[in-house]
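Work through the exercises below with the model in view. Each task is followed by its solution.

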Amino acid sequence: MQNEYSRFCFVSGSPAHEGHFANVRNYVREQHGDVAWQNVLKELPRQHREEVETAIAVGWYEVAHFAQMLRTVDRVCGRGDLSLLRDIGAAEADQDLNRVLRVFLRVLSPSQIFKVEARLWSHFQSAGTWSSVTVPGGVDATLRGWEVDEALCEELAGYLVRLVQFTGGKAVTVNHRVCRSKGHDRCVFEYRFNER
Ligand SMILES: [Zn+2]
């Protein structure tokens with residue numbers, strides 16, 4: 001069973017949108033150059049490398065392979081501590097959400113974006129359920145039953161930071177202490193921000 005991994009990208013207006021593998025490739029090429037991207041591909045097992053090329057062409061892929069690519073990019077272009085992945089998530093949101101969608105997001109409050117994300121998620125993901133509660137200074141968003149992989153969580157955390165910023169949230173931070181990859185039964189993303 002494939003878990004098709006794409007949050008907003010098919011909403012962005014083009015059915016031929018290349019998806020998240022292509023977003024990450026674009027990020028690496030723009031920020032680190034084509035040589036860095038070639039180095040990422042070289043680091044991947046041959047079978048996965050072929051899947052990356054197929055995924056960019058057809059837009060679906062195994063989420064575990066996406067996670068492996070994220071880890072490889074973090075190692076080749078970052079420090080190997082997954083800290084680059086929040087930047088990558090934010091860069092993906094930049095690529096996924098065109099100008100028109102960003103205008104739409106501006107009418108939402110930072111808190112509302114999590115309700116929208118919860119509804120859209122099920123259209124693009126075969127697993128995982130969101131719930132969110134407003135807390136002083138932000139929102140605690142909980143994801144249950146999704147992948148168990150810290151790399152995916154870090155990338156997602158960064159993606160959602162950008163969505164909060166698109167709605168007008170300022171000084172956005174996210175803490176991801178409670179995580180299935182650390183043995184908890186759910187993933188909690190603690191977003192804190194100043195409202196417009
Ligand atoms: Zn997590």
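**Exercise 1.** State where Ala171 lies, and whether Ala171 is buried or exposed.

Step 1. Ala171 is part of strand β3 (residues 170-175); helices (H or I, at least four residues) and strands (E, at least two) are DSSP runs, numbered from the N terminus. The model is a predicted one, in which local features need pLDDT of at least 70, side-chain atom pairs count only at pLDDT 80 or more, and totals for chains, interfaces and linings use all residues. Residues are numbered from 1 along each chain as its sequence is written.

Step 2. A residue is buried if 20 or more other C-beta atoms, placed from the backbone, lie within 10 Å of its own, exposed if 12 or fewer, and partly exposed in between. Ala171 has 9 C-beta neighbours inside 10 Å, so Ala171 counts as exposed.

Step 3. Ala171 is not a glycine, yet its phi is positive, near 50°.

**Exercise 2.** Which residues does Leu70 contact, leaving aside its neighbours within four places in sequence?

Step 1. Two residues are in contact if their C-beta atoms, placed from the backbone, lie within 7 Å.

Step 2. With those neighbours left aside, the contacts of Leu70 are Val24, Leu85, Ile88, Ala151 and Glu155.
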